[in-house]
Amino acid sequence: MLYIFDMGNVIIDIDFNRVFAVWSKLSGVPLANIKKNFTTGEIFKLHERGNITDIEFAEEISSELGMSLSFEQFAEGWQAIFIAVRPEVIDIMNKLREQGHRVVVLSNTNRLHQDYWPEHYPEIAASADFLYLSQDIGMRKPDPEIYKYVLQSEDIEAQDAVFFDDIKANVDAAIAVGMKGVHVIDKHTVIDYFKDYDFTLPVEE
């Protein structure tokens, strides 16, 4: 089997409110204004596909939110999104690999975040066979092509893949291409999914 894990709020807890709080403190723009005006619009999507640079992204978002920040200050806030990894999920990923399954990460992320989390949370990459990151492959979820790309790269049929994501639209898109999709609604979802799974049995060839 191929097990595909999203990263944010599946493997690692994230919270945009932490980003907004840092930006507000550094820029003097009221927190309520930043929260109200921040959107994951086209600039956000272009950045996740790797179509614009980190500096271009920072300038555009700062302009949209009326913030006067240096790139370093913007980045300080942007990296505050990460809280901590979910050790139980890391453990499950490692056990699946030990059992002979293929385990990969499929994440909508960006170069600025990738300059941060691998260093601070090395256990994510260490627990996966491969990282499929949106900015590296020029596609993002829920684009059907990104799921097809992963399946083709892994040389596996859709029905032999299980996908975990915290965003329902991403899960629905995976289901639409034939994968089994699991909507991760809280920290217990992945644990509950594997609750009755026997990690001691060898994988059948």
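1. Pro142 lies in the loop that separates α10 (134-137) from α11 (144-154); helices (H or I, at least four residues) and strands (E, at least two) are DSSP runs numbered from the N terminus. The peptide bond from Lys141 to Pro142 is cis, its omega being near 5 degrees.

2. The model is predicted: local features need pLDDT of at least 70 and side-chain atom pairs pLDDT 80 or more, while totals for chains, interfaces and linings use all residues. Residues are numbered from 1 along each chain as its sequence is written, and side-chain values use heavy atoms, without hydrogens and water.

3. Asp155, in the loop between α11 and β6 (161-165), has a positive phi of about 55 degrees although it is not a glycine. Asp155 is exposed, at 73% relative accessible area (buried means under 20%, exposed over 50%, partly exposed in between; 1.4 Å probe, protein chains only).

4. Asn9 belongs to the loop between β1 (2-5) and β2 (12-14). Its phi is also positive, near 60 degrees, and Asn9 is partly exposed, with a relative accessible area of 22%. Most residues other than glycine have a negative phi, and most peptide bonds are trans.
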